[in-house]
Amino acid sequence: MAGLDGVVSVFPNEKRQLLTTRSWDFIGFPEYVEREYNEYDVIIGVIDSGIWPESESFDDKGYGPPPSKWKGICQSSDFTCNNKIIGARYYRNDYGEDFLKNNILSPRDTTGHGTHTASTAAGNPVSRTSMLGLGHGTTRGGASSARIAVYKVCWSDECQDVDILAAFDDAVIDGVDILSVSIGGKSDDSIHFMDAFSVGSFHAMKKGILTVLAAGNFGPKSSSLTNFSPWAISVAASTMDRKFVTKVKLGDNKIYEGTSLNTFDLQGELWPIIYAGDAPNKEAGFDKDSSRNCSANSLDIKLVKGKILLCEDRIGPSEAYRVGAVGVLVQGQKSLDTANSFPLPGCYLHSKDAAKVHKYIKSRRNPVATIFKTYESNDTLAPMAASFSSRGPNNATPEILKPDLTAPGVDILASWSPMSPISQFHGEKRKLEFNIVSGTSMSCPHVSGAAAYIKSFYPTWSPAAIRSALMTTAKQMSPEKNHDAEFAYGAGQVDPMKALNPGLVYDADEEEYIRFLCGQGLDMSMLLQITESIINCSERGYMIPRDLNYPSFAFKVQRPKHHLNASSKRTVTNVGLAMSTYRAFVTAPKGFNISVTPDLLSFTSLGEKQTFILTINGKMKKSIGSASLIWDNGKFQVRSPIVVFDERAVNGASLYRI
């Protein structure tokens, strides 16, 4: 098939995953900020699981007709697009009767995911919202006046590459300005940039469309990024200063704090509590060791019904519901930075506290406990990289720092499809119009909304220029509080207000990315698949990754204590003050010297370009070192992160700061 005339490329049709508000205020972007009327002309394409058009977030009151550039369609028989949702398509390559039992062949969202991401990126402000009282306030999108175009590629079972790539190409033809894609695959399948996300976002970049991608939910393992194409933005997830706390009280009056989204009220009543290992379903062949995790059908209903259940695995709530438990306590080994809804009163406890609960159960003849309703508390450590957020370095080109930046992705309240329960646990029947969920799927549309906001002020800026503005103005995060440093959060937390005035930008175009791909050793057929053009690399030239005109720097050494002597060339474009002079300020990791030549850049006009070379020399002490370059003219500070790391970081070893 690949050899047939008219066939540009052939690749395996992989199955993909959806990566699932205080948040905008937390990043310094209040509701009433300066907005350009042009924001009404900005179109955000959301490639996801569809949309719930009846949500208040997508009401079109006050909107005029779609922008004249819009060429899309409304492919739907069960709802009508309006002047907010100006287009909607759906994609499904194959389906059968079983598929139709759980899905609607329409852009309508039946899972909630696409509605959540679309409203986070561009939803109207909706006041007095909450998830059953939690997170009460106003939900809104970053570019709340922008239009939305929906491309449904994800269904109850999967998201297929063939549909994703078709959606990218339709969105480009339709006339979107920004693409928001909260979907990811495996962390190693885009090694040559020939997956649907890399190819689709390259096609979009050629037409001046910026693609914003979720980094993935495979953290905290290093080199676990699912999306890292250098012509798109890869967004990590971080916490904000609101967290949800659930308390558990035992019969001895000891109280333990965990986390969940528990809206059920036991009114402080104490109930019998039992350890799952003491209630095996022996008739089904389970024993104490196999029942303690509360896997499906592992528990004896007669022993558990009417009691609070202590499980050793996060799958426990479904089984707890099946056997009629009053509540469930879930023992976890990982960080407690996300809260989940359970179909019954529940709380996620850290292993050390769960062990104390277990000890109490064993020490009493009639142990009792209760679970209180969740309340909101202040998280003074925020922003922190979320435990689930995928980490760099990326497997394809580790000397291009990914992720690019981070945004709130933990416990985000946004619109939801009332066709979908608020959690995926067995027994969950609550269906709401707003829901709280976590993931890089939630952080991605924060950056999409911010990018659309910038696009409304600078409609002619390239995708690379917008990305540069977002990265060089990001809020610097603490590497002391974030174990994996820049490989967890990139340039830092997005700051849309500061990104409006970056001063300088690191721009790049299709030609530069082609030279970069040539430098990666891709053959002509691979290049054709990505670029849709016949490329002769000997004519175009070759570029090493560290010379790509990127707003960050990454240098890899082969082993600890290995001497590094390397340089990177960059070009900046003046978008601030016509007459301005910038001086370079550099911080360097211990054991290294970093210099910039020239260290003074003088501009006499807007759009003027200046080139410099950054040189690093020294010897590694440990696996990773962080530094930065700041160009400062007294008004604008243009910051680029610098990372030095050894081969162990690429191979998945733990990262340590020096």
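Colleague: Which residue follows H15, and is its phi positive or negative?
Modeller: That's Glu532, with a positive phi near 65°. Keep in mind that the model is predicted.

Colleague: And H15 itself, which of its residues are buried?
Modeller: H15 spans residues 524-531, and the buried ones are Leu527, Gln529, Ile530 and Thr531.

Colleague: What do those buried residues pack against?
Modeller: Three helices: H5 (196-206), H14 (510-519) and H16 (537-540).

Colleague: Let's stay with H5 then. How do the axes of H4 and H5 cross?
Modeller: At roughly 5°, and they come within 9 Å; H4 is residues 161-174. An angle under 35 degrees counts as roughly parallel, so H4 is roughly parallel to H5.

Colleague: Which residues make that contact?
Modeller: From H4 you have Asp161, Ile164, Leu165, Phe168, Asp169 and Val172. H5 brings Ala196, Phe197, Val199, Gly200, Ser201, His203 and Ala204.

Colleague: How many of the contact residues are nonpolar, polar and charged?
Modeller: Between H4 and H5 it's eight nonpolar, three polar and two charged.

Colleague: Switching to electrostatics. How many salt bridges are there in the whole structure?
Modeller: A search turns up 22. In general, side chains of opposite charge can pair when their charged atoms come close.

Colleague: Which residue does Asp78 meet in a salt bridge?
Modeller: Arg108, with 3.2 Å from N to O. Asp78 is in the loop between strand S2 (43-48) and strand S3 (85-90), while Arg108 is in the loop between helix H2 (97-102) and helix H3 (113-122), so the pair ties together parts 30 residues apart in sequence.

Colleague: Which other residue is linked with those two in a network?
Modeller: Glu54: the salt bridges link Glu54, Asp78 and Arg108 in a network.

Colleague: And how accessible are the two partners, Asp78 and Arg108?
Modeller: Asp78 is partly exposed at 30% relative accessible area, whereas Arg108 is buried at 6%.

Colleague: What about Glu319, which residue does it form a salt bridge with?
Modeller: Arg322, with the closest N and O atoms 2.7 Å apart. Both residues are in helix H8 (residues 316-322), three residues apart, about one turn of the helix.

Colleague: Is Lys302 buried or exposed?
Modeller: Exposed, with 68% relative accessibility for Lys302. Lys302 forms a salt bridge with Asp300, where the closest N and O atoms are 3.4 Å apart. Asp300, on the other hand, is buried at 16%.

Colleague: Last topic: what does the UniProt annotation say about residues 547-644?
Modeller: The unreviewed UniProt entry annotates that stretch as "domain: Subtilisin-like protease fibronectin type-III".

Colleague: How much helix and strand does the model have over that range?
Modeller: Over residues 547-644 it's 0% helix and 64% strand, with the end C-alpha atoms 15 Å apart.

Conventions
Residues numbered from 1 in each chain as written. Predicted model: local features only at pLDDT ≥ 70, side-chain atom pairs only at ≥ 80, totals over all residues. Heavy atoms only, no water. Salt bridge = Lys/Arg side-chain N within 4 Å of Asp/Glu carboxyl O. Helix = DSSP H or I, 4+ residues; strand = E, 2+ residues; numbered from the N terminus. Buried < 20%, exposed > 50% of the residue type's maximum accessible area, 1.4 Å probe, protein only. UniProt positions renumbered as here; feature names shortened; annotations may be inferred. Contact = heavy atoms within 4.5 Å. Axes fitted to C-alpha atoms, helices over the stretch in contact; angles between N-to-C directions. Parallel < 35°, antiparallel > 145°, perpendicular 65-115°, else oblique. Nonpolar A, V, L, I, M, F, W, Y, C, P; charged D, E, K, R; others polar.
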